[in-house]
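Thanks for coming. I will go through one model today, a few sites at a time. Please have a look at the sequence and the structure first.

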Amino acid sequence: NSDVYLIKLDAAGNLDPTWNPNPRIFGGLSGDGANSVQQTSDGGYMVAGWTGSFGAGQSDVYLIKLHANGNLDPAWDPNPRTFGGEKHDYAESVQQTQDGGCIVAGSTTPFGAFGTHALVLKLAPARRFLRGDCDASGDTTGVADALLMLTMNFIGDAEVLCLAACDVNGDGNTSGAQDALELLTKNFIGG
């Protein structure tokens with residue numbers, strides 16, 4: 001079936017050598033396609049379309065974020081991303097928003113509903129994953145993240161924005177005091 005097919009050309013109309021490989025192909029065994037591409041403020045690209053190969057439904061919104069060199073951007077996890085329900089969902093247009101995220105316009109056929117409906121998605125900007133950054137501030141120095149981890153585990157009612165980031169030692173377990181102690185040790189003793 002069809003795939004997403006992206007070609008980057010230089011000013012003379014030749015294949016741009018900064019992309020390797022060029023063209024880039026994304027998709028699976030079923031039909032996939034792109035309807036919109038936009039260059040982002042970081043020099044990369046956002047691609048929006050549809051996929052029948054991945055996702056939950058017959059076709060889902062398919063979003064891909066690329067670096068300027070054409071490689072998948074690891075800040076998006078997972079990348080590509082899919083959104084949709086049991087029936088048909090398509091992205092027709094993507095635009096980067098002022099906050100660094102993106103807005104997507106398309107259509108959806110909701111399960112049990114009659115006809116096609118408008119679909120609008122707003123995605124927050126991608127953040128780099130920082131192990132130990134439990135409060136998603138971008139900083140793991142000091143005691144704030146460790147206190148948030150201890151509050152989450154022993155008092156409750158703590159607003160943790162990224163539970164996986166609270167797993168300082170990467171063992172898959174965020175309960176107890178081990179991760180907080182490891183972060184405090186790193187910050188004040190070293191290691």
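Which residue in the turn of the hairpin formed by E3 and E4 has a positive phi? It is Gly43, with a phi of about 90°, and the hairpin has five residues between its two strands.

Before going further, the ground rules. This is a predicted model, so to speak of local features we need pLDDT of at least 70, side-chain atom pairs count only at pLDDT 80 or more, and totals for chains, interfaces and linings use all residues. Residues are numbered from 1 along each chain as its sequence is written, and side-chain values use heavy atoms, with hydrogens and water left out.

Strand E3 covers residues 32–39 and strand E4 residues 45–51, and they pair in the antiparallel sense over seven bridges. Helices (H or I, at least four residues) and strands (E, at least two) are DSSP runs, numbered from the N terminus; two strands pair if DSSP finds at least two bridges between them. One of the bridges takes Asp32 to Thr51 in E4.

Next, the charges. A salt bridge here is a side-chain nitrogen of Lys or Arg within 4 Å of a carboxyl oxygen of Asp or Glu. The whole structure has four. Asp42 and Lys65 form one, at 3.1 Å from N to O. That pair links distant parts of the chain, with Asp42 in the loop between E3 and E4 and Lys65 in strand E5, 23 residues apart. Lys65 also meets Asp73 in a salt bridge, at 3.4 Å. Lys65 is buried, meaning under 20% relative accessible area, where exposed is over 50% and partly exposed in between (1.4 Å probe, protein chains only). The relative accessible area of Lys65 is 5%, and Asp73 counts as buried at 4%.

Another salt bridge joins Lys122 and Asp99, with the closest N and O atoms 3.0 Å apart. Lys122 is in strand E9, and Asp99 is in the loop between E7 and strand E8. Both count as partly exposed: Lys122 at 46% and Asp99 at 45%. As for Asp42, Lys65 and Asp73, salt bridges that share partners join them into one network.

What does the side chain of Asn79 reach? One of its polar atoms lies 2.8 Å from the backbone oxygen of Lys65, and the backbone oxygen of Asp73 lies 3.0 Å from a polar atom of that side chain. Asn79 sits in the loop between strands E5 and E6 and is buried at 15%.

Now Asp89, in strand E7. Asp89 is buried yet has no salt bridge, and the nearest side chain of opposite charge, Lys87, is 11 Å away. For that search, Lys and Arg count as positive and Asp and Glu as negative; His and the chain ends are not counted. The side chain of Asp89 does reach the backbone nitrogen of Gly85 at 2.9 Å. A polar contact of 2.4 Å joins the side chains of Asp89 and Thr108. Such a contact is a pair of N or O atoms within 3.5 Å; within protein, one must be able to donate a hydrogen and the other to accept it, and residues adjacent in sequence count only if both atoms are side-chain atoms.

Last, the sulfurs. With a disulfide taken as a pair of cysteine sulfur atoms within 2.5 Å, the count is one. Cys134 and Cys166 form it, their sulfur atoms 1.6 Å apart. Both are buried.
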